[in-house]
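I opened the model to see how the chain is put together. I then looked up a few residues one at a time.

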Amino acid sequence: MLVICPGSFDPVHNGHLEIIARAASLFDEVVVGVAHNHSKKYLFSLQERVQLVTDSLAELGIEGVGVEIIPTGVLLAEYAAQRGASALVKGLRSGTDYGYEAPMASMNRHLSKVETVFLAGEDRYGGVSSTIIREVASLGGDVRPFVPQVVAHALTQRH
């Protein structure tokens, strides 16, 4: 069974990687789909985000996971159907995440019959988000406990 772990991953952090690793232990094939939304402002380019995910997976020894770009202008549900995915895998930190993700899961199921599997994130990553990581790093804070070394280095180089 092929599943897709979608996200913008700007940058990827340990909470993302924990969900990806668990998905890899549950499903036959896992693809991390890196998305780009033209209305968002990213710290890292699409290619940089793909490389950071790839390097982070290697750094942490998470094997058997592919990394792909979700084509711009294509709905996630369409991409999943084109790839033959059975499900999308999303991590949840809180009820707020569920409130945001549940309507999208319903729409994706309506559009392409793809299911969404929610995995509860580990408590230690409950307050971690890419937005917080970027902000803390931009102000010189230490984000090393929350990201792989390759990401910490990229953030240091960027700021």
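I count a residue as buried under 20% relative accessible area, as exposed over 50%, and as partly exposed in between. The model I am reading is predicted.

**Asn14**

I began with Asn14, which lies in helix H1. Its relative accessibility is 12%, so Asn14 counts as buried. What does Asn14 touch, leaving out residues up to four places away in sequence? I find Tyr125, Pro145, Phe146, Val147 and Pro148.

**Overall fold**

I listed six helices and five strands in the chain. Reading along the sequence, I wrote down β-α-β-α-β-α-β-α-β-α-α. The radius of gyration is 15 Å, close to the 15 Å from the globule rule for 159 residues, so the chain is as compact as a globular protein of that length. The C-alpha atoms fill a box of roughly 45 × 30 × 30 Å along the principal axes.

I checked burial next: 40% of the 159 residues count as buried. For contacts with a separation of 6 or more, I noted that 74% come from residues 24 or more positions apart.

**Surface and charges**

I get an accessible surface of about 8400 Å² for the chain. Carbon and sulfur atoms hold 53% of that surface. I also looked up the charges, 13 positive and 17 negative. Their mean positions are 6 Å apart.

**Nonpolar cores**

In soluble globular proteins, nonpolar side chains tend to be buried together. Which residues have the most contacts inside the largest nonpolar core? They are Ile20 and Val89, in a core of 33 residues. I noted the elements that give two or more residues to this core: strands S1 (2-7), S2 (29-34) and S4 (87-92), with helices H1 (14-26), H2 (46-59), H5 (130-138) and H6 (149-158). H2 supplies the largest share, five residues. A separate core has nine residues, among them Leu2, Ile4, Ala85 and Leu88.

**The loop between S1 and H1**

I looked at Phe9, found in the loop between S1 and H1. Phe9 is not a glycine, yet its phi is positive, about 50 degrees. Is Phe9 buried or exposed? At 5% relative accessibility, Phe9 counts as buried.

Pro11 has its place in the loop between S1 and H1. I noted a cis peptide bond joining Asp10 and Pro11, with omega about 0 degrees.

I moved on to helix H4 (residues 95-112), where Arg109 has its place. At 35% relative accessibility, Arg109 counts as partly exposed. Setting aside residues up to four places away in sequence, I see Arg109 touch Val114 and Glu115.

Lys113 lies in the loop between H4 and strand S5 (115-120). Lys113 is a residue other than glycine with a positive phi, near 65 degrees. I put its relative accessibility at 68%, so Lys113 counts as exposed.

Key
Residues are numbered from 1 along each chain as its sequence is written. This is a predicted model: local features need pLDDT of at least 70, side-chain atom pairs count only at pLDDT 80 or more; totals for chains, interfaces and linings use all residues. Side-chain values use heavy atoms; hydrogens and water are left out. Helices (H or I, at least four residues) and strands (E, at least two) are DSSP runs, numbered from the N terminus. The radius of gyration is taken over C-alpha atoms; the globule rule is 2.2 Å times the number of residues to the power 0.38. Buried means under 20% relative accessible area, exposed over 50%, partly exposed in between (1.4 Å probe, protein chains only). Contact means heavy atoms within 4.5 Å. Accessible areas come from the Shrake-Rupley method with a 1.4 Å probe; for residues, only the protein chains shown count as cover. Lys and Arg count as positive and Asp and Glu as negative; His and the chain ends are not counted. The place of a charge is taken as NZ of Lys, CZ of Arg, CG of Asp or CD of Glu. A nonpolar core is a set of buried Ala, Val, Leu, Ile, Met, Phe, Trp, Tyr and Cys residues joined through side-chain atoms within 4.5 Å.
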